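Look at the model first, then read on.

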Amino acid sequence: MKNRYSAEEAALFFQTLEGCNTDLAMRTYTSRLIGQEEDLVLHGGGNTSVKSQITTLLGEDCDVLFIKGSGWDLGSIEPQGFPALDLNYLQRLRKLERLSDEEMVNQFRTHMLDSSAPNPSIETLVHAFLPHKFIDHTHADAIVSLTNMDHPEDRLREVLGDKIGILPWIMPGFPLSKKVVELYERQPEIEAIILLNHGIFTFAESGDLAYSRMIHYVTLAEEYITSRQPCSPSPIAVYGGITPPTEIFLPLLRGALTIEAAGSFLPFYLQVRQNKEILHCLQEEGARSRYESGVLTPDHVIRTKNYPLWLDMQSTEEEDISRTIESELTAYETAYRNYFKQQVTEKEVERICLDSKPRVILVPGLGLITAGRTKKAASVAGDIAEHTLLAKQRGSCIGPYQELAQSHIFDMEYWSLEQAKLDKTSSLPLAGCVAMVTGGGGAIACGIGRKLLAAGAHVYLTDLNEDRLNQVSILLAQEFPAERIRTLVMDVTERQSVVIGIQTIVKECGGLDILVPNAGLAHVATLEDLDEQKFRQVTEVNTMGVFQVIQAAIPVFRRQAMLGKAPAHIIINSSKNVFAPGAAFGAYSSSKAGAHQLGKIAAMELAAYNVRVNMINADAIFDDHNISSGLWDVIGPDRMRSRNLDPEGLKAYYRERNLLKTEVLADHVGNAVVFFASTLTPTTGATLPVDGGVAAAFPR
Ligand SMILES: [Zn+2]
């Protein structure tokens with residue numbers, strides 16, 4: 001591993017941190033160097049600290065520990081990512097016989113110098129008790145590969161030399177902190193401490209040296225592992241097995257993985273990783289027993305669960321795929337529940353069993369799939385799982401992999417301080433849900449997208465017009481994480497275009513939960529003047545376009561329902577015109593009525609797959625944050641002319657026309673979509689007006 005430290009680079013970096021404590025500036029610099037190496041730390045794993053002094057408001061000097069705060073990644077950490085704690089107080093805590101985790105966290109919070117700073121790392125006391133100025137801690141792949149073996153001590157000394165201390169697995173927290181400092185006091189000449197099945201601490205009086213020691217020991221471990229690899233890598237075998245088609249496999253898997261809890265359904269976002277290395281690992285001889293093993297370091301358990309689910313497909317037939325998923329998943333879940341029961345019984349503790357679904361699914365021929373309640377969670381699990389796969393492969397040349405005992409895994413998995421690290425987005429009502437909104441470049445789609453995103457969904461906006469699509473997605477990305485907003489150029493009137501669009505969504509997230517046919521065309525002409533081609537064009541988008549997207553989504557919904565019961569939704573943006581048509585608006589009103597009727601048919605046909613189909617009848621929505629409504633671009637000028645009004649006057653006219661005398665906004669339609677998509681009522685085939693109340697358009 002390359003030592004990235006450069007005195008010149010460090011000096012340049014310090015210039016960017018004007019006024020920053022110099023120790024903290026150095027701490028930030030070398031922490032970032034560590035964070036640049038994925039083989040050292042992944043997603044918040046690992047932590048670093050520095051002991052320094054600050055001057056309080058009263059002008060008194062105070063010894064402090066700057067320690068990595070939770071929620072920060074070392075690779076991008078800033079000085080404010082290191083909360084400062086009263087060091088002398090922390091060190092006095094060592095006198096205690098015991099200290100509960102909750103009280104430990106409370107002691108941290110009450111001895112911080114800035115009440116708004118993030119929570120310090122749960123390994124803070126290790127950093128406080130060791131006397132060194134700079135301390136670096138990582139869960140380096142190469143180090144844990146060496147420790148996750150039978151009797152690793154001799155090998156560790158052989159590879160890393162005698163200036164290391166070794167500790168068996170102990171849960172992070174107060175007892176580990178005491179053990180680490182006791183070990184150091186027995187062997188004050190050591191430069192590093194290896195924690196079996198966990199990682200490595202290095203320390204020194206300078207930031208440069210602590211970091212260099214980290215790189216030194218990790219490099220020794222890496223070189224040893226590399227020296228044990230066969231000189232010529234085994235040739236990549238031609239995969240002789242079956243590769244399941246993703247459009248069938250992923251929705252089946254996604255449906256089966258959906259968590260059912262207290263009557264509500266929590267779907268997963270699925271992410272597929274497929275590269276040469278992954279595929280090679282999965283088709284090696286003995287791959288199943290090698291890669292179905294437990295995590296490299298228990299810190300990963302909350303992201304990936306201890307074990308992956310192995311799915312070896314014997315057929316490309318839908319029924320066979322479904323049967324394999326069902327039987328393997330049932331076995332996986334039973335084993336998980338047994339592990340839980342056994343642990344709570346043995347430890348005589350009371351805990352609430354977490355869901356028993358896997359987060360990592362290994363499929364020879366297809367790749368590595370991860371499941372997360374958010375895209376971020378799936379991607380974090382994916383990074384960890386990919387590293388784990390490759391570390392186990394490299395480690396297999398040294399000896400058989402030895403996983404950590406389930407009893408220790410349980411302590412970590414059910415540790416409240418670990419659970420607290422998980423992303424809070426997953427508690428939003430539509431977390432994990434995938435939505436597709438057609439006509440994505442218009443004002444109403446903007447309101448629908450905004451509300452779906454606010455409810456936690458991943459949103460695909462589709463449109464023919466790429467410019468308008470980009471305008472809407474840029475606007476929404478100002479309010480919501482861009483990773484949850486995707487755009488697809490799609491023509492709802494072209495079957496092939498729609499099929500490709502839906503397949504793309506399935507490939508990228510595993511399935512679809514909420515379909516919002518919203519694309520529409522308007523045309524103003526009396527029947528006498530209505531051009532036949534125009535009429536066909538409007539019908540093609542407003543009726544056939546709705547049919548095309550519904551038809552293409554049905555196989556996804558059917559497959560998701562085969563092994564799971566999670567509801568899916570079709571929410572058609574219909575129109576007030578269906579019940580209250582307007583003269584000179586024949587093409588629009590009749591084609592919208594056709595789509596409305598299709599919705600009712602879909603409600604009848606798709607109930608068997610737990611798909612609910614509902615319609616929203618909106619009226620007079622003109623724009624949304626400067627995004628115009630395509631409909632009003634067409635009919636607005638005509639309406640203004642006939643009533644002799646300007647744009648504001650027209651808005652006022654429509655406001656005065658409804659019973660509630662209110663302006664109807666795109667966000668209101670979005671609220672209605674989220675209401676249906678949240679499955680709050682057992683409703684299908686219904687119409688919800690969002691029009692301020694127009695008596696002539698009451699649904700009947
Ligand atoms: Zn650690």
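## Terms and model

A crossing is left-handed if the near helix is turned anticlockwise from the far one by less than a right angle, and right-handed if clockwise. Helices (H or I, at least four residues) and strands (E, at least two) are DSSP runs, numbered from the N terminus.

This is a predicted model: local features need pLDDT of at least 70, side-chain atom pairs count only at pLDDT 80 or more, and totals for chains, interfaces and linings use all residues. Residue numbers start from 1 along each chain as its sequence is written.

## Helix 18 against helix 25

The crossing of helix 18 with helix 25 is right-handed. Axes are lines fitted to C-alpha atoms, for helices over the stretch in contact, and angles run from 0 to 180 degrees between N-to-C directions.

Helix 18 contributes A443, I444, C446, G447, I448, R450, K451 and L452 to the contact. Helix 25 supplies A666, D667, V669, G670, N671, V673 and V674. Contact requires C-beta atoms, placed from the backbone, to lie within 7 Å. By class, this contact has nine nonpolar, three polar and three charged residues. Ala, Val, Leu, Ile, Met, Phe, Trp, Tyr, Cys and Pro count as nonpolar, Asp, Glu, Lys and Arg as charged, and the others, Gly among them, as polar.

## Helix 2 against helix 9

Helix 2 (residues 22-35) packs on helix 9 (residues 207-227) at about 15°, with axes 10 Å apart. The two are therefore roughly parallel. Their crossing is right-handed.

M26, R27, T30, L33 and I34 of helix 2 meet G207, Y211 and M214 of helix 9. This contact has five nonpolar, two polar and one charged residues.

Seven strands form an open, mixed sheet in the order 3-2-1-4-7-6-5. Strands pair if DSSP finds at least two bridges between them. Strand 3 (84-86) and strand 5 are the edges, each pairing on one side only. Neighbouring strands are turned by 25° on average, direction ignored.

Strand 1 (residues 47-55) and strand 4 (residues 134-138) pair antiparallel over four bridges. T48 stands opposite D136 of strand 4. Strand 5 (residues 164-167) and strand 6 (residues 192-195) run parallel, joined by four bridges. I166 stands opposite I194 of strand 6.

Notes:
Two residues are in contact if their C-beta atoms, placed from the backbone, lie within 7 Å. Angles under 35 degrees count as roughly parallel, over 145 as roughly antiparallel, 65 to 115 as roughly perpendicular and the rest as oblique.
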